[in-house]
Every structure is written in structure tokens, then in C-alpha cells.
Amino acid sequence: YGFINTCLKSLVVEKYGEETWEKLRLQAGVQDSFLTFEVYKDEITMQLVDKACKILGLPADLVLREFGEYFFEFCKRSGYDHMLRTLGGNLYEFIENLDALHSYLSLSYQAILFLFVFPQEMNAPSFRVQKNEDGSMHLHYYSDRRGLCHIVPGIIGAAALDFFNIEISMEIVNQTEEEERTGKKEHIVFLVTQTPVFSYKERNKFSSSPQYLADSEKQIENQLNKEDLEKAKDTIRDRGSSVCPVKKSHWKTIRGIITLGKGKLLRGFDPVYPKSLWIDTKTFCNGLPFHMVFDKEVGQACVKQAGVSIQKIVPGLQTMGICLDHYFSIVHPEVPFTISSIQKFINSQFVFQTRREMMPESWKQRPMLELRGQMIWMESLQCMLYLCSPLLRTLHELEERQMHIADIAPHDVTRDLILLNQQRLAEMELSNQLERKKEELRILSKHLEEEKKKTEALLYAMLPQHVANQLKEGKRVEAGEFKECTILFSDVVTFTNICAQCEPIQIVLMLRHLYLQFDRLTTVHDVYKVETIGDAYMVVGGVPVPVPTHAERVANFALGMIIAAKGVQNPVSGNPIQIRVGIHTGPVLAGVVGEKMPRYCLFGDTVNIASRMESHGVPSKIHLSSSAYQCLKYKNFEMTERGEIEVKGKGKMHTYFLIRNKTATENDIMGRP
């Protein structure tokens, strides 16, 4: 179920971070989130565990144990804390009742799955515990899922420390394919040893634990006068053997037991039984309509007695002495239908299912009836008593089997469970729908965030980020003056002639190839692309964010442009295209122009001079003004003097050519690894 995978995700995120989970799920090839009641393949969980071991560099047993400890805490946080605490008064009882908890949860989950037309069933592990004389226990773990046994020490260890204030150690003493149960299942036997925690801070808490109380009971009982105790027992037995013991002073008997311990309650309980059973056979079979008594004859379980309701549904049971396994199969625990096998799992809840071929014709088209209850071994009779009730979750299941509430004994809580479960199912259905809607909203939100990032990336490609953010917030962007920046212009040599001799698509492809490389270089050297008009490409350093290295950045970008242009073919001649580059340094005014298609533009004489440097440049050369030269003069760049030239609109100007960066390689300039 999704609950397991959600817990695993929560563990990874909480302990190792979101990035580790994202890496883990991508390698495992699974989705980001899981629905609680959704059924997922076991392979998903196994794949997540396997990838977690590799990514975290930890052995599988350590990861699984840590997952077991976290799973216990996750269950408590998910609302199962009270349910877990009430399973037993000590660790032995807690483990002994785990199967009962799984049985209850399977009812809840299967009901929801039935509601949403999912045929899968909750395939939970099974536990059997045996006490040893030295106080240790042997825990038998059965599971269809191999390789997950190391979760068990994590769960049991966390529960023992939290609920019973004891530390335990668990080691595997046997690991085999299960032979006691039908089907191939993993059977692990753990040796469990317990160590109480006696720290000073926890002494008061520990003194109220069930184990401590049990020890106190023994001490109180030992302090009692043995003769008085025997005398009280004899008195109680005499009263129990009377024809109508309740008419005698019942409360006097109770007070006698209490005062027997000199004012202290006698916690050591010794039950009293009548000499004969005060109930006739007919009343017993009517009062417990779903029960069966069977014994062992010639290796098979033979029916000796059955309740009236089960006889009504399975008429074959009216023939006493028939073999029980002819009419029923054991669904849980999966053991052979023999007394010896059943005795091994005597503390487990047993689920029987009727066999279709042995049912009356009217039942063969209906779903088979399942019974759930406990086994009680009657040593004196050498018989097994199966006290059970119909395993029904909803009114729909009751109707499917054409049964009625009246078929169930009034004292049987199955009546209430069926009726109350209808409301609970409606609540769980609503919860499941909300969970699905939440997941849909999460996915939509994720997609929306991705689209938002794409939109912002496109916007930031057109405008500086801080300017774009101001426009998004509806603020007016004021023009700003920059005292010093470096501007670059470039164009393609003989671009007009190329256009005249080529198809438009060839021009587009040529410029796209060229500009893609130029755009990448703007990122490498952190300069701002202002605009492109035809074959003209304009960038600036030091705007919109002023930096002292604006001239060096633009110079390196220009060197990269010359290298990149050599890799772009002239569609007419087939030779590499040639570009002219001009650079000038000076002050500018920058601001946003327009509302419908706003552009971030630069204004001032610096822009004009930079454009003149490009138009008066030489093919495949980088033309520098004197101000740009002064900024680069002592910055490890090789430059040569061009001399004075006549510049349109500016008269004579002293200019230079940029040759190379003395300290940077071509890979550095191009941003290659």
C-alpha cells in the first residue's frame, strides 16, 4: 500500500533531505508521491530500498532496521498510537496480538478497495511467539516478501523501548522456507532477549509499567498468610458449588478477597469453576450460532458439534463426524487442516472459508462465506473449539450472501461493526477522494511552477531580471545613469550580398547558428545582450549591474565571437563567415522603452561611438576605441595600435585592435571544460 512507500519517502526526506529523495526516486523510476489506500507493486518498495542502499552507501540490513524504527514512529504520528498501545500489557502480549491488528487493518483496507473496485488484498506478515524458561522469546516471522526480515527488529525494538521501557536484542537463529504453512513463504526465527531500563530519570515511569506491577503482585501474594489464602479458596469453592451461588452474599465474598491481603487488593487471580456446566446443549448451540467443535480422528479434523446458524448455511455439518476440511479451507494463518498445526498458531485469529463445491446450489452463485474467530484447545476432551463470527465488512457483503442481521447473535459485535462500518466507509471514501484531489492539485501546481519558470526565463531573456520583476509588480521602471560601461557591436561582413544570393531560410539558419553560440558566450562572460537587429549583435558590460571588470568581460566575449564565427559557414561561398567587432567604453543612460513590447535600451554618445568602431572595423578583427584601450591596458590583453582614422561624425580618432588574452586559453574563452 501507498502508506509504506509514503513512510519510506518521509524517512529519506526527513533524515537525508529532498535532494536525496529526488535522486533516489529518479534512479528507482517511481513517482514522487503515493496515495494511502492505493495498491502498488512490491517491486516499487524493493527498488526504493535497493537504490537507497546504493545511494546512502549502507548495507541493506541497516537500512531496513532504520526503516523499521522510523515506521513505528510514522504509524504513531499517523493516528495508530492508541491502537498500538492497547495491544498488550507486555512485549509478549504485544507481539502475540500483532496478527489481530493486521486482521483488523485488512478489513479496513479491503473494504476501501472493494469500494473502489480494487481486487487486491492486504498481504500482511504473520507472527508467532514462544516463551523460553530463561525469560527470552522465540519470535517466528512469516512473510511472502523475502529479504525484508530486518525491518522486524527495528519495529519491535522501537515498540519495546517506547511502550514497555525495555531494550531488546534480536538475532536470527533460523531462516528457512516455510514448511508448516501452505505455499512457499519465508520463515525467520528471532531470539529476543530483554533488558529493562533502570535509569534514575525513568525509574518513576518504569515503576508503573506492566512488568513492574506483575513483580509487585508476586511480592504481595508471597506476603499473604498461606493458611488464610487456602482457607479463602476453600470458602470460595464451597460457594461456587452451591445451586445458586449468586443468592449468597456475593459482595461479602469480594470483600473477603480484598481484606485477605490486610487491606491490599489481591492481584493474583485464581478463577473459580462450577462442578458442572449450567447450560444445556440446545441453548449453547443457539446462543453461539457460529461455533464448531472438532477432534482428531485418523489424522483428520472431525466435527463433533456446530452452532445452528453455521448448520443452516452449511447443511453438511448436521452430519456429525464429517471431515471439517471437506467443507472449509483455512485462509489465515495458512496452515494444514490438522490439530497439531492449528495448535502451533493457537493464539492467532483463524479465518475459515466455505468450499464452493460443497455448498448448496443456492449458495454456489454467491460469494463464499468467511468465518473469523479463535481456537480453544480443550485438553480434557481432546477437542478443539472454534468460536467465530461471519467475516462481513459491509451491508452489501451481507446482502450478497443473502444473509440478515438476525442470523448473527444479538451479543455478537459483528452486528454493530457492519452497521457502523457504513458510516466509516463513507468517511474513508471522502478522505480518499480528498487525498486524490490533493495529489492532482500538487501535480497541477508543479506543472504551473514549471510553466512559470519557462515564462520567467523568456521574460528575463528580453529584460534584466530586476527590471522584469518591477514590471510584474506593476511598478514604474525609472531610467538609470551609468558612469562607465563597455558596449560592443558586431555585424557580418558582406551580409547584404549574402542575402541577395541566398534563400531567406538559409539566412535564418546561418544567423540562428551564429547567435546561439553568441548567446551562450553572454552567459559564460556575464555580459548583457541588449538586442539583435538583422546581422547586428549588441552587448554591454557593467549594465544593468555595475561591475569594475566590465571592459575585461566584453573583451573576452569579443574574442569568443571571433572564434565562434569560424565555425559558421557562409551559405554562398561555403567558407567560414567573417564578422567585424567594435568596442567603446563610456557613460550611458539606460531605461525601459514601450509598454506593449517593452525593451531595455541604452542611450548616449557611447552607443554611437561603439557602433562607429564596428562599422569602421576590419573583418575578423576587434576594433577598440582609446577609452576601451585604456581600460584594458594593464589587464593581460595583447593589443596593437591601428593609429588615427577618420570616423564619420567624430572626426579623427586614435584606435587599436585587440589580439588575445595573454592568460586565458581558447577553452577558457569559449567556456569549455
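Helices, taken here as DSSP runs of H or I spanning at least four residues, are numbered from the N terminus. In this predicted model, helix α2 is followed by G29, whose phi is positive, near 70°.

Helix α2 itself covers residues 18–28, and within this segment T20, W21, L24, R25 and A28 are buried. Viewed down the axis of α2, these buried residues fall within an arc of 125°, so they line one face of the helix. The buried residues of α2 pack against three other helices, namely α1 (2–16), α3 (42–56) and α16 (414–462), whereas the face turned away from the buried side carries the exposed residues E18, E19 and L26.

D412 is buried and yet has no salt bridge, since the nearest side chain of opposite charge, that of R415, is 7.6 Å away, and a salt bridge requires a side-chain nitrogen of Lys or Arg within 4 Å of a carboxyl oxygen of Asp or Glu. When residues up to four places away in sequence are not counted, D412 touches S389 and P390.

Turning to backbone geometry, the peptide bond from H332 to P333 is cis, with omega near -15°, and P333 is found in the loop that runs between strand β7 (328–332) and helix α14 (339–344). A cis peptide bond is likewise present from V543 to P544, in this case with omega near 0°; the place of P544 is in the loop between β13 (536–541) and α20 (550–565).

Positive phi values also occur in residues other than glycine, including D526, for which phi is near 55°. D526 lies in the loop that connects α19 (504–525) with β12 (528–533), and this residue is exposed, with a relative accessible area of 52%. S620, which is not a glycine either, has a positive phi of about 60° and is found in the loop between α21 (605–615) and β16 (622–624). At 33% relative accessibility, S620 counts as partly exposed, because that category comprises values between the limit of 20% for buried residues and that of 50% for exposed ones.

Key:
Residues are numbered from 1 along each chain as its sequence is written. This is a predicted model: local features need pLDDT of at least 70, side-chain atom pairs count only at pLDDT 80 or more; totals for chains, interfaces and linings use all residues. Side-chain values use heavy atoms; hydrogens and water are left out. Buried means under 20% relative accessible area, exposed over 50%, partly exposed in between (1.4 Å probe, protein chains only). Helices (H or I, at least four residues) and strands (E, at least two) are DSSP runs, numbered from the N terminus. The arc is that of the directions from the helix axis to the C-beta atoms. Contact means heavy atoms within 4.5 Å. Lys and Arg count as positive and Asp and Glu as negative; His and the chain ends are not counted.
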